[in-house]
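Please look through the sequence and the three-dimensional structure shown below, and keep both in view while reading. The briefing that follows takes up a pair of helices, then a sheet, and then a single residue.

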Amino acid sequence: MLTRRMTLALGSAAALAPSGCARPPSHARDVIAAGQPAAVLIWAVARERLAGWPVKPHPDCLTGLSASAAALPELGRLSGPGRKADTAALSTLHPRLILDYGDTRPDVVETGREASAQLGVPWALIDGALTRIPEAFRQAGRLLDEAARGESLAEDAEGVLAEWRASGPGPSFYYARGADGLKTGFRSALATEVLEGAGWTNVAVGGEGIGPTTLEQVADWDPEVLVTLNADFAHAVRGDIRWRTRRNGARRRLLLLPDRPFGWIDRPPSVNRLLGCAWLAHPDDGPTARLALLSRRLYGMAPAEIQMPKWLI
């Protein structure tokens with residue numbers, strides 16, 4: 001089980017920076033995101049400070065962000081899975097801060113301290129727990145010299161989470177990940193807490209975190225709803241009686257949740273999850289100005305038509 005204690009750690013490596021090191025005249029593009037969750041948080045609070053993406057979003061996803069997002073380079077990650085960043089290349093960007101957002105395990109802290117020492121700049125880690133998003137906005141606002149915006153976003157998040165927590169009981173569900181749908185988030189996984197926190201019951205038990213399963217196991221769990229962010233999977237199983245037929249012969253419902261520019265329940269597990277919480281608080285409202293406004297607040301723009309969850313017949 002991952003530790004989710006509140007942590008904010010600032011490295012002292014700033015004092016190690018060579019006195020002759022040239023610095024940009026402004027604070028633009030001077031913060032390194034250790035991983036994609038941190039990049040999304042920085043983008044929401046002070047997008048002009050983000051030096052680059054740990055993993056550059058797909059071009060289709062970039063259309064949901066303001067134009068400057070596409071111009072940012074892909075830098076690799078300092079924490080988490082995926083291509084690792086080249087610290088020598090990062091140093092040429094003259095960063096002022098490394099920001100991480102997510103797990104607070106000792107190994108994550110140690111990795112951050114090592115990166116701080118290598119780059120000669122401070123490092124900060126903010127607890128990435130879903131229910132602590134308001135405090136994450138406040139901390140990021142203070143660190144990024146955007147305290148007023150951080151506070152404003154925190155107040156928005158508090159309102160969303162209060163309504164999300166008050167959601168009534170929902171259906172039982174299976175979260176289908178990947179093109180074949182045979183990877184899932186087991187009960188209490190970070191990947192499914194947006195749904196579980198809204199009163200939906202995760203049928204996937206017997207494992208931890210994210211892991212593989214089988215179609216036979218899904219049938220035995222017999223969820224009321226298949227939930228996915230993968231449009232290819234959703235359309236592939238739309239007419240598949242093996243996936244869509246419940247034990248009692250009823251048709252299983254199929255819910256396709258948005259994944260652009262970022263997922264509504266995870267991928268990455270960052271402040272983008274507020275959109276999933278906001279929708280689950282009022283799932284029958286349909287497209288609303290409320291969700292469009294929240295999208296604009298998080299991403300800097302809202303497409304003319306934001307993606308909305310779809311129940312597929």
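In this predicted model, helix α6, which covers residues 133-143, and helix α7, which covers residues 147-165, have axes that come within 7 Å and cross at roughly 175 degrees. Because an angle over 145 degrees counts as roughly antiparallel, α6 is described as roughly antiparallel to α7.

**The contact between the two helices**

- On the α6 side, the residues that take part are Ile133, Pro134, Phe137, Arg138, Gly141 and Arg142, and they meet a set of α7 residues that includes Ala147, Gly150, Leu153 and Leu161.
- Also on the α7 side of this contact are Glu151, Ala154, Glu155, Ala157 and Glu158.
- Sorted by class, the contact of α6 with α7 is made up of eight nonpolar, two polar and five charged residues.

**The five-stranded sheet**

- Five strands form an open sheet with mixed pairing, and their order across the sheet is β6-β4-β8-β9-β10.
- The edges are taken by β6 (201-202) and β10 (310-312), and each of these has a single partner strand, so one side of each is left without a neighbour in the sheet.

**Strand β4 and its partners**

- Strand β4, made of residues 172-176, runs parallel to β8 and is joined to it by four bridges.
- Within this pairing, Tyr174 has Leu226 of β8 as its bridge partner, while Phe173 has Val225 of β8.
- β4 also runs parallel to β6, to which two bridges join it, and here Ser172 stands opposite Thr201.
- Is β4 mostly covered or mostly open, and how many of its five residues are buried? The strand is mostly covered, since five of its five residues are buried, where buried means under 20% relative accessible area.
- This cover extends to both faces of the strand, with Ser172, Tyr174 and Ala176 buried on one side and Phe173 and Tyr175 buried on the other.

**Thr228 in strand β8**

- Thr228 belongs to strand β8, which spans residues 225-228, and this residue counts as buried because its relative accessibility is 1%.
- The side chain of Thr228 reaches the backbone nitrogen of Asn230 at a distance of 3.0 Å.
- Leaving aside residues up to four places away in sequence, Thr228 touches Tyr175 and Ala176, and also Phe233, Ala234, Leu255, Leu256 and Leu257.
- Tyr175 and Ala176, which are among the residues that Thr228 touches, are themselves buried residues of β4.

Notes. Residues are numbered from 1 along each chain as its sequence is written. This is a predicted model: local features need pLDDT of at least 70, side-chain atom pairs count only at pLDDT 80 or more; totals for chains, interfaces and linings use all residues. Side-chain values use heavy atoms; hydrogens and water are left out. Buried means under 20% relative accessible area, exposed over 50%, partly exposed in between (1.4 Å probe, protein chains only). A polar contact is a pair of N or O atoms within 3.5 Å; within protein, one must be able to donate a hydrogen and the other to accept it, and residues adjacent in sequence count only if both atoms are side-chain atoms. Contact means heavy atoms within 4.5 Å. Two strands pair if DSSP finds at least two bridges between them. Axes are lines fitted to C-alpha atoms, for helices over the stretch in contact, and angles run from 0 to 180 degrees between N-to-C directions. Angles under 35 degrees count as roughly parallel, over 145 as roughly antiparallel, 65 to 115 as roughly perpendicular and the rest as oblique. Ala, Val, Leu, Ile, Met, Phe, Trp, Tyr, Cys and Pro count as nonpolar, Asp, Glu, Lys and Arg as charged, and the others, Gly among them, as polar.
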